[in-house]
Amino acid sequence: MTPAPVNLLDLDEDGLGRYFEAFGERRFRATQIIKWVHQQGVIDFHAMSNLSKALRERLLAEAEIRPPVIESEQLSADGTRKWLMRVDSGNCVETVFIPEGERGTLCVSSQVGCPLDCRFCATARQGFNRNLGVAEIIGQVWLAARRLGQTPKQGRHITNVVMMGMGEPLLNFDNVVPAMRLMMDDNAYNLGRKRVTLSTAGVVPGIDRLARECPVSLAISLHATNDELRDELVPINRSYPLAELLDACRRYAASNPHGEITFEYIMLKGVNDTISEARALIRLLQGLPAKVNLIPFNPFAGAGFERSTDVAIDAFRERLSRAGLVTITRKTRGDDIAAACGQLVGEVQARARRHRRVADAAHHAA
Ligand code: SAH
């Protein structure tokens with residue numbers, strides 16, 4: 001039986017280097033492949049003219065370059081694009097591109113569904129099915145770049161990547177990190193580490209590991225200023241309460257002194273949007289190199305929450321700004337195609353069962 005082909009999209013520079021060394025090729029083959037695939041968008045080994053014929057034959061026989069497949073593409077009136085990407089016969093994930101002036105942000109998924117059970121999030125409602133592999137994560141970037149016509153000549157469309165699509169990236173650490181390394185690789189997408197942001201609901205051991213292994217920009221989905229409310233809204237808080245989470249943020253900031261941490265705060269009417277909560281947030285973030293992103297809640301059927309009023313959001317932002325916290329209100333983009341934060345649902349084969357409790361999932365990440 002011939003072994004399954006190695007999908008070279010699963011490997012970052014280090015992985016490819018080891019792959020080539022294992023059969024006596026030089027490590028720089030890794031750079032050549034990365035340039036072909038990620039810079040030029042070429043995935044046909046025949047076209048890789050700087051590889052020897054013998055090497056091309058070998059790759060044709062035992063390797064492949066297989067991205068996910070675009071199932072559908074939607075374009076919003078505001079220019080936002082959403083792709084449904086098929087990752088296997090039963091599962092799709094969503095990827096969103098948000099253009100804004102010179103900036104183009106790609107919002108990438110890390111899991112099919114999500115094991116965390118954040119009350120206000122549409123992805124949570126479908127349960128968790130599985131982690132995405134490296135190829136399925138970087139493949140979203142590869143496909144988006146191709147669909148946008150990104151080539152070295154035409155210039156780049158994707159200037160930033162945020163791991164804010166479906167799933168909790170720190171619960172899929174081993175696949176998310178090589179994918180992010182490719183995003184930052186000079187020979188691939190060449191994004192500086194300030195332009196790659198990982199957003200987490202608060203998997204504390206994962207935050208420390210990220211600081212050691214791949215210190216990209218960090219965003220924390222905070223959403224509440226006391227444990228009682230956060231336990232309800234973001235149940236992983238029961239495993240890693242606010243004090244522990246903020247300590248981890250302080251450690252991250254200390255080991256990564258040039259980066260600010262973004263705190264995301266969803267604005268839920270009558271739940272977390274009063275001025276006394278703004279004051280509590282100011283106290284909580286004191287001493288941290290923090291900025292705040294207020295996210296007006298994006299509704300979906302059966303959500304059970306309402307968006308705060310514009311007046312409440314403005315007053316909240318105003319209060320934080322007066323205390324010297326850089327605060328922006330995130331614009332809702334792609335609303336007409338359900339591409340806004342928290343509206344991504346993809347498509348999962350069977351309604352995934354929650355095999356294990358949130359706490360277990362969290363401990364697996366450690
Ligand atoms: N699991 C990661 C990344 C995915 S969610 C995390 O929790 O950070 C990306 C952001 O969208 C998070 O801040 C999340 O809390 C927010 N979000 C989820 N549902 C939302 C909704 N319905 N409206 C607005 N923001 C939402």
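Okay, let's start with Arg-250, which counts as partly exposed at 36% relative accessibility. Keep in mind that this is a predicted model.

Now, a pair from another part of the chain. Glu-306 makes a salt bridge with Lys-269, and their closest N and O atoms are 3.7 Å apart. This one ties together distant parts of the chain, 37 residues apart: Glu-306 is in the loop between β13 and α11, while Lys-269 is in the loop between β12 and α10. Glu-306 is exposed, at 51% relative accessible area; the cut-off is over 50%, so that label applies. Lys-269 comes out as partly exposed, at 41%.

Over to helix α1, residues 13-22. Asp-14 and Arg-18 are both in there, four residues apart, or about one turn of the helix. Their side chains meet in a salt bridge of 3.0 Å, N to O. Asp-14 is partly exposed at 37%, and Arg-18 is exposed at 52%. And there's a network here: salt bridges link Asp-14, Arg-18, Glu-21 and Arg-27. If you're wondering how many salt bridges a search of the whole structure finds, the count is 24.

Glu-136 has a relative accessible area of 15%, and buried means under 20%, so Glu-136 counts as buried. Its side chain has a polar contact of 2.9 Å with the side chain of Arg-130. Leaving out residues up to four places away in sequence, Glu-136 touches Pro-68, Val-87, Arg-130 and Asn-131.

Last stop, the ligand. Which residues are closest to it? Of the 22 residues around the ligand, those are Phe-120, Ser-199, Ser-221, His-223 and Asn-298. A ligand nitrogen is 2.8 Å from a polar backbone atom of Phe-120. On its own the ligand has 540 Å² of accessible area, and the protein covers 96% of that. The elements giving two or more residues to this shell are β10, β12 and β13. By class, the shell has twelve nonpolar, eight polar and two charged residues.

Notes: Residues are numbered from 1 along each chain as its sequence is written. This is a predicted model: local features need pLDDT of at least 70, side-chain atom pairs count only at pLDDT 80 or more; totals for chains, interfaces and linings use all residues. Side-chain values use heavy atoms; hydrogens and water are left out. Buried means under 20% relative accessible area, exposed over 50%, partly exposed in between (1.4 Å probe, protein chains only). A polar contact is a pair of N or O atoms within 3.5 Å; within protein, one must be able to donate a hydrogen and the other to accept it, and residues adjacent in sequence count only if both atoms are side-chain atoms. Contact means heavy atoms within 4.5 Å. A residue is near a molecule or strand if one of its heavy atoms lies within 4 Å of it. Accessible areas come from the Shrake-Rupley method with a 1.4 Å probe; for residues, only the protein chains shown count as cover. Ala, Val, Leu, Ile, Met, Phe, Trp, Tyr, Cys and Pro count as nonpolar, Asp, Glu, Lys and Arg as charged, and the others, Gly among them, as polar. A salt bridge is a side-chain nitrogen of Lys or Arg within 4 Å of a carboxyl oxygen of Asp or Glu.
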